[in-house]
Amino acid sequence: TFLQPCTTVNGSTTVHILQEAEENGQYTFQIKIGVSCEPESYPRTIGFWTHQFQAALCKISGRQHTPSNTLEQYLDQISSQSPTFEFSGTRKQKFQQALNILDLPRRPSMEAKLKAQLLALWLNYVAGYTEGYTLEGMTAQQIIQGSETALQNRQTKQYEYWKNLCDRFNNLG
């Protein structure tokens with residue numbers, strides 16, 4: 001049973017005594033109630049991730065939901081797994097590199113749009129926000145792999161297709 005915050009539920013436990021039970025015997029029962037206070041896990045939009053890096057770089061005065069240490073770990077993890085992205089230098093330099101990809105110019109190319117949505121999907125993936133989600137029968141990892149392959153092989157006619165899948169996955173939440 002899942003409970004919403006601040007919800008109270010009264011319940012009862014029924015015990016059936018079997019014939020083999022010891023008369024006047026004492027039995028101990030243990031009831032465990034699991035509590036999770038983690039935020040809901042769902043993919044975040046490209047706007048969410050753009051905001052995180054803008055806030056981390058003090059470019060805006062909004063709230064940063066993901067700590068800078070965690071953001072840097074995400075970028076390092078992506079760098080080690082992705083043939084497309086490599087973030088290097090100081091933390092500030094890495095954050096600026098990520099922001100340059102996420103925050104598209106006024107008239108971006110389809111390649112730039114794909115890279116922006118792909119980076120957002122990578123961030124969702126390494127943050128654990130994609131677990132349990134699929135889109136058109138594909139997991140986030142499969143969409144990432146297809147997008148990476150299209151970029152690495154310069155399959156320009158596939159860029160829009162993969163960009164749209166990344167975008168739609170990032171907006172599942």
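Partly exposed means a relative accessible area between buried (under 20%) and exposed (over 50%), taken with a 1.4 Å probe on protein chains only. This is a predicted model, where local features need pLDDT of at least 70, side-chain atom pairs count only at pLDDT 80 or more, and totals for chains, interfaces and linings use all residues. Residues are numbered from 1 along each chain as its sequence is written, and side-chain values use heavy atoms, with hydrogens and water left out.

Q: How many salt bridges does a search of the whole structure find?
A: A salt bridge here is a side-chain nitrogen of Lys or Arg within 4 Å of a carboxyl oxygen of Asp or Glu. Run that over the whole structure and the count is six.

Q: Which residue forms a salt bridge with Glu72?
A: Glu72 is buried, at 17% relative accessible area. It sits in helix α2 (residues 68-81) and its partner in helix α3 (residues 91-102), so the pair ties together parts 19 residues apart in sequence. Helices are DSSP runs (H or I, at least four residues), numbered from the N terminus. With the closest N and O atoms 2.9 Å apart, the partner is Arg91.

Q: How far apart in sequence are the parts that Glu111 and Arg154 tie together?
A: Both ends are partly exposed: Glu111 has a relative accessible area of 23%, and Arg154 has 49%. Their closest N and O atoms are 3.2 Å apart. Glu111 lies in helix α4 and Arg154 in the loop between α5 and α6, so the separation is 43 residues.

How values were computed:
Helices (H or I, at least four residues) and strands (E, at least two) are DSSP runs, numbered from the N terminus.
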